[in-house]
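Work through the exercises below with the sequence and the model at hand. Each task is followed by a solution in steps.

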Amino acid sequence: IVTVTINDIPVSCPETTLILDAAKMAGIDIPVLCYHPDLKVRATCRICIVEVKGQKKFKTACSNEVWDGAEFITNSPAIRQARKDILELILAEHPQECLQCIRNTKCELQQLARDFGVSQPLFANKPKQIPPEDANGVIVRDMAKCVKCGRCAEMCQEVQTVGAINTAHRSVDYEITTAFDRPLQDSTCVYCGQCISVCPVGALYEQDDTEKVWQAIGDTGKHVVVQVAPAVRVALGEEFGLPPGSITIGKMIAALRRLGFDKIFDTNFAADVTILEESHELLARMNSEAVLPLITSCSPGWINFVETFYPELLPHVSSCKSPQQMFGALVKTYYPKVAGIDAANIISVSVMPCTAKKHESARPEMNSSGYRDVDIVLTTRELARMIKQAGFDFNNLVGEAFDAPLGISTGAAVIFGASGGVMEAALRTAYEVVTGIDLANVEFTAARGLTGVKEAEVDLAGKKVKVAIANGLKNARVILDKIKAGQCDYHFVEIMCCPGGCIGGGGQPWGTTTATKEARLNSIYQLDREMPIRKSHKNPAVKALYKEFLEKPLSRKAHELLHTHYVP
Ligand code: HC0
Ligand code: SF4
């Protein structure tokens with residue numbers, strides 16, 4: 001423990017504390033731009049410089065630790081001027097189109113310019129003339145707006161280990177680019193959108209599909225249904241000023257109904273169906289010579305990753321489609337039957353915390369209903385935008401409920417939104433299928449939490465089932481490399497592409513950090529605890545689906561509609 005002063009306020013902290021964090025303890029925020037709490041420090045922008053009493057040179061607060069007796073000044077006139085100069089230089093080549101920018105009012109650069117009063121630029125504005133790149137249909141890269149903080153590259157290289165984008169060149173030529181500057185669709189990009197999550201400005205964002213949805217719901221000849229993913233309901237509120245983790249299911253449904261959707265359904269219904277299919281697939285594999293471990297298949301960024309980087313492991317991947325796509329196949333086959341509607345008139349929309357879901361829905365094999373199973377995918381951010389455009393006072397909406405039957409779900413389904421949730425939900429069902437005994441304690445807590453790699457052993461009627469869970473693609477590699485080397489005897493592995501699982505998806509509100517994810521995660525498990533039914537196979541609407549339509553898990557019809565296969 002050392003003692004320092006920040007603007008004459010004494011602070012005692014461990015000597016490994018960054019000046020930035022010591023200042024926080026004194027109640028002082030030092031501005032940052034290239035720094036992100038979940039990423040490695042780069043210290044390239046230098047906006048966080050502070051003065052040290054007795055020293056001439058400024059120090060960057062994000063990359064330097066405190067030392068005993070140090071006296072830091074964070075807001076002297078010289079510091080304020082230096083920060084302003086840095087901002088002036090960045091703004092000299094930044095497009096001055098804040099009004100039209102997707103990040104308007106949510107841009108970290110805009111906020112800094114406002115805070116430091118950069119109102120009369122010193123330098124002529126000469127933005128780079130680079131047209132936005134959007135041909136991949138998922139992620140837009142508007143590199144004219146890039147401030148070269150390197151956060152996206154750090155995310156793609158070090159956290160996701162995908163390496164689709166990276167820093168290149170030096171000095172004035174320094175930039176973030178793909179290999180050989182090729183379009184993103186020709187790179188190894190898995191469309192996880194994690195680069196979007198950490199971008200401080202409007203250089204990276206998802207393709208905006210809100211206009212397509214406005215047109216669909218404005219078309220009176222169409223029956224427009226929407227499904228909402230588990231992780232959206234614990235994050236959407238942040239877009240309306242509510243604290244992270246706020247549960248806004250009722251308000252979200254009310255808003256969707258007011259927007260004009262004909263039916264408000266739940267991806268969680270299909271998550272319960274996924275559990276029935278996948279737990280039976282697991283048991284079938286365990287009772288045969290089939291290859292183990294079985295690896296979950298619901299996270300589309302992960303599917304893109306395994307196809308590109310570990311194609312030899314594709315036989316391990318579950319044939320189950322993701323809940324989004326199972327829902328899509330059912331809403332254009334089963335639902336028209338029960339509702340007496342022509343499937344040709346249905347437009348199916350999903351709201352996802354994920355950008356890779358846009359890519360997944362457009363895959364050519366996702367047409368097993370005879371139509372495109374999911375027509376339009378919105379992110380959490382895009383739904384918030386539509387609600388704002390419609391002018392609803394979101395926080396004062398009176399809560400409403402999902403429509404039946406595709407809106408009925410269990411606690412096992414909602415936990416899909418957090419890393420370990422699919423595993424836990426599958427074990428709840430597999431246990432009862434194998435033992436025939438009612439599982440009293442449904443909580444497999446070893447599966448929970450934000451830790452990157454989790455392992456556990458579960459006793460299924462005397463048979464030990466070994467499971468592993470990874471979230472984030474660097475962590476996925478740890479397990480995949482073990483499987484490849486034959487160094488593990490797992491039966492079942494869950495992999496989610498994004499750090500923390502879908503609660504940390506690339507389509508979630510900007511400002512997502514580990515702390516935000518913790519809050520969302522707690523709410524996910526709270527929702528599970530509050531559900532009257534917490535096991536997928538006990539969902540009455542799912543039971544009816546099997547009785548009336550699918551017959552049984554892994555039936556021929558279930559295979560046709562709910563499963564797919566991957567070609568190595
Ligand atoms: Fe997820 Fe899903 S849990 S991938 O994170 O499995 O996006 O929330 O919707 O499909 O259910 C995302 C979230 C989903 C799917 C579900 C799964
Ligand atoms: Fe990398 Fe994911 Fe961004 Fe693609 S979407 S560039 S894989 S971080």
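**Exercise 1.** Determine what covers the buried residues of helix 10.

Solution. Step 1: the elements that cover the buried residues of helix 10 include strand 10 (223-228), helix 8, helix 11 (334-339), strand 13 (346-352), helix 12 (356-361) and helix 19 (556-562). Helices (H or I, at least four residues) and strands (E, at least two) are DSSP runs, numbered from the N terminus. Contact requires C-beta atoms, placed from the backbone, within 7 Å of each other.

Step 2: this is a predicted model, in which local features need pLDDT of at least 70 and side-chain atom pairs count only at pLDDT 80 or more, while totals for chains, interfaces and linings use all residues. Residues are numbered from 1 along each chain as its sequence is written, and chains are lettered from A and ligands numbered from 1 in the order in which they are written.

Step 3: nine of the nine residues of helix 10 are buried. A residue is buried if 20 or more other C-beta atoms lie within 10 Å of its own, exposed if 12 or fewer, and partly exposed in between, with C-beta atoms placed from the backbone. The buried residues are Pro-323, Gln-324, Gln-325, Met-326, Phe-327, Gly-328, Ala-329, Leu-330 and Val-331.

**Exercise 2.** Describe how helix 8 and helix 10 cross, and list the residues through which they meet.

Solution. Step 1: the two axes come within 8 Å and cross at roughly 100°. Helix 8 is therefore roughly perpendicular to helix 10. Axes are lines fitted to C-alpha atoms, for helices over the stretch in contact, and angles run from 0 to 180 degrees between N-to-C directions. Angles of 65 to 115 degrees count as roughly perpendicular, under 35 as roughly parallel, over 145 as roughly antiparallel and the rest as oblique.

Step 2: Thr-267, Phe-269, Ala-270, Ala-271, Val-273 and Thr-274 in helix 8 meet Pro-323, Gln-324, Met-326, Phe-327 and Leu-330 in helix 10. The contact of helix 8 with helix 10 has eight nonpolar, three polar and no charged residues. Here Ala, Val, Leu, Ile, Met, Phe, Trp, Tyr, Cys and Pro count as nonpolar, Asp, Glu, Lys and Arg as charged, and the others, Gly among them, as polar.

**Exercise 3.** Describe the shells around ligand 1 and ligand 2.

Solution. Step 1: ligand 1 is surrounded by 20 residues, the closest being Ala-229, Ala-231, Cys-298, Cys-354 and Cys-502. A residue is near a molecule or strand if its C-beta atom, placed from the backbone, lies within 6 Å of it. Helix 8 (267-286) and helix 10 (323-331) each supply at least two residues of this shell. By class, the shell holds 12 nonpolar, seven polar and one charged.

Step 2: ligand 2 is surrounded by 14 residues, and the closest are Cys-156, Val-162, Cys-189, Cys-192 and Cys-195. Helix 4 (151-159) and helix 5 (194-198) each supply at least two residues of the shell around ligand 2. This shell divides into 11 nonpolar, three polar and no charged.

**Exercise 4.** Give the strand order of the four-stranded open sheet and place the helices that lie across its strands.

Solution. Step 1: the order is 11-10-13-14, and the pairing is parallel. Strand 11 (263-266) and strand 14 (376-379) stand at the edges with a single partner strand each, so one side of each has no neighbour in the sheet. The twist averages 25° from one strand to the next.

Step 2: strand 10 and strand 13 run parallel and are joined by six bridges; two strands pair if DSSP finds at least two bridges between them. Val-226 stands opposite Val-349 in strand 13.

Step 3: helix 6 (residues 210-218) lies across strand 10, strand 13 and strand 14, at about 125° to strand 14. Helix 13 (residues 380-390) lies across strand 13 and strand 14, at about 85° to strand 14.

**Exercise 5.** Is Glu-239 buried or exposed, and which residues does Glu-239 touch?

Solution. Step 1: Glu-239 is found in the loop between strand 10 and helix 7 (249-259). Step 2: Glu-239 is buried, because 21 other C-beta atoms lie within 10 Å. Step 3: not counting residues up to four places away in sequence, Glu-239 touches Arg-381, Ala-384 and Pro-509.

Terms used. Two residues are in contact if their C-beta atoms, placed from the backbone, lie within 7 Å.
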